[in-house]
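My notes are below, in the order I looked things up.

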Amino acid sequence: MKLVIDCLGGDQSPGANIDGSLRALDRYPDLELVLCGDEAAISAYLAQKATPEARAKISLVHAPGVITGDDKPTDAIRLKKDSSMMSAIRLLREDETVSGIVSTGATGSLIAAATLRIGRIPGVIRPAFCPILPTMDGGVVGLCDSGANVDCSPQQLVQFAIMASAYMKVNFGKDSPRVALLNVGTEAEKGDDLRRETYKILSQLPFINFVGNMESRDFISGKYDLVVADGFSGNVLVKSTEGTALQLLKKIKRDIYSRNVYKLGALFMKKMFEEEKEFMNYQNYGGSVLLGTEKVIVKGHGSSDEAAVFACIRQAYTMATANLRDIICAEIEKAEGFMENIG
Amino acid sequence: MFESVKQILIEQLRLKNVEITPESRIKEDLKADSLDVLQMLMTIEEDYNIMIPEEKLMNFKTVGDIVNYLESIRK
């Protein structure tokens, strides 16, 4: 099993990316990694930290250029061919033995590069982006799509449900993921034509556990394993959820410091606050994946540390080992037959 | 030139038993969507080591349009 790691572009790159890689090599004996970035810097870092066994499983590609969030994705992938991200994508495209990429770099460029240079699984209309969030009952929920496709058709949303259901099964052990459609109400007739048509198809597909419409307030309730949305609504949902949680935490912290009696009370709740912080720590839940491409694409948060990079590599390893690509390909083909019959 | 563009199209669009002529319309006859077209043009850019201007990228209607463009920049 060979994966390529883009070692530039993250806030803590390349250190966190290399440390996460070394941890993954220690965990998975059959794993080999190709690290893309500034070869001299990576070599020096590895000389200090890598065991001889780990070093033997690492190869390097010298690509010191960085694609940033300020670069326009379509320009970046055509003009910054020698960047670490594009070098990693090129290797993924050309080397059949490389199964996937993990990057903490610019999201838009990674999605564009993966979609255009790696290509889609046959039958997939558009690849979709799927992050994972924690739920109130201690589980996780996936959201597909969270921004790769602003305008969608009902057929695309149905494919998102199929691809992400397979992902939730493979990576999170959900035997029959409960799939909900993001809408402005729970009744079947709610929403616009896109939502109503999607509802109609999803409720007839026998191999999707569609449980109906979901209002945004129930997103992390734990009632659902997967939420399907067009990329525009999905992006608004995920950012509102994260933003509300962070702002609320900030307000609680500010209020605690506003009175001595609150501070005293908070002392007794210190452990609980630490647990809540850990609960909301994105680094515990791995990266977002791009579903529907020929090879595995995992995007870690820009500020990923060693643990977060390791979690991303674990995700990529699991997807590649389970051959998620073939599962998605078969499910999409099966769905096409059903959709033709539905008309 | 036509043969090499045709080969890229066959591989990129996974075409089987489809007749490709310079008059073939990329979207209508070869059933390519906008993403296929972009993907194919980027492969051409890489293979020919050229940069197709952005305003041209989505304006190729037929296989012949692409071949003519490539021949024009080679002159």
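I started with a strand pair in this predicted model. β6(A) runs antiparallel to strand β7 (residues 140–144) of chain A, and three bridges join the two. I looked up one bridge: Pro134(A) has Val140(A) in β7(A) as its partner.

Next I looked at what packs on the sheet. Helix α8 (residues 193–202) of chain A does, touching β8 and β9 of chain A. I noted about 165 degrees between the direction of the helix and that of β8(A).

I then read off the strand order. The sheet is open, has five strands in the order β6-β7-β10-β8-β9 (chain A), and its pairing is mixed. Because β6 (132–134) and β9 (210–214) of chain A each have a single partner strand, they stand at the edges, and one side of each has no neighbour in the sheet. From one strand to the next, the twist averages 30 degrees.

I picked Val179(A) in strand β8 (residues 179–182) of chain A. Is Val179(A) buried or exposed? I found 26 other C-beta atoms within 10 Å, and the cut-off for buried is 20 or more, so Val179(A) is buried. Beyond its neighbours within four places in sequence, its contacts include Ala161(A), Ile208(A), Phe210(A) and Val228(A).

Last, I checked the domains. The assignment for chain A gives domain 1 (1–124 + 292–322) and domain 2 (129–282). Their centres, taken over C-alpha atoms, are separated by 27 Å. I found eight residues of domain 1 of chain A in contact with seven of domain 2 of chain A. Helix α12 (residues 306–321) of chain A gives the most to the domain 1 side, with three residues. That side divides into four nonpolar, four polar and no charged residues.

Note on methods
Residues numbered from 1 in each chain as written. Chains lettered and ligands numbered in written order. Predicted model: local features only at pLDDT ≥ 70, side-chain atom pairs only at ≥ 80, totals over all residues. Helix = DSSP H or I, 4+ residues; strand = E, 2+ residues; numbered from the N terminus. Buried ≥ 20, exposed ≤ 12 C-beta atoms within 10 Å, placed from the backbone. Contact = placed C-beta atoms within 7 Å. Domains from an automatic or database assignment. Nonpolar A, V, L, I, M, F, W, Y, C, P; charged D, E, K, R; others polar. Pairing = 2+ DSSP bridges. Axes fitted to C-alpha atoms, helices over the stretch in contact; angles between N-to-C directions.
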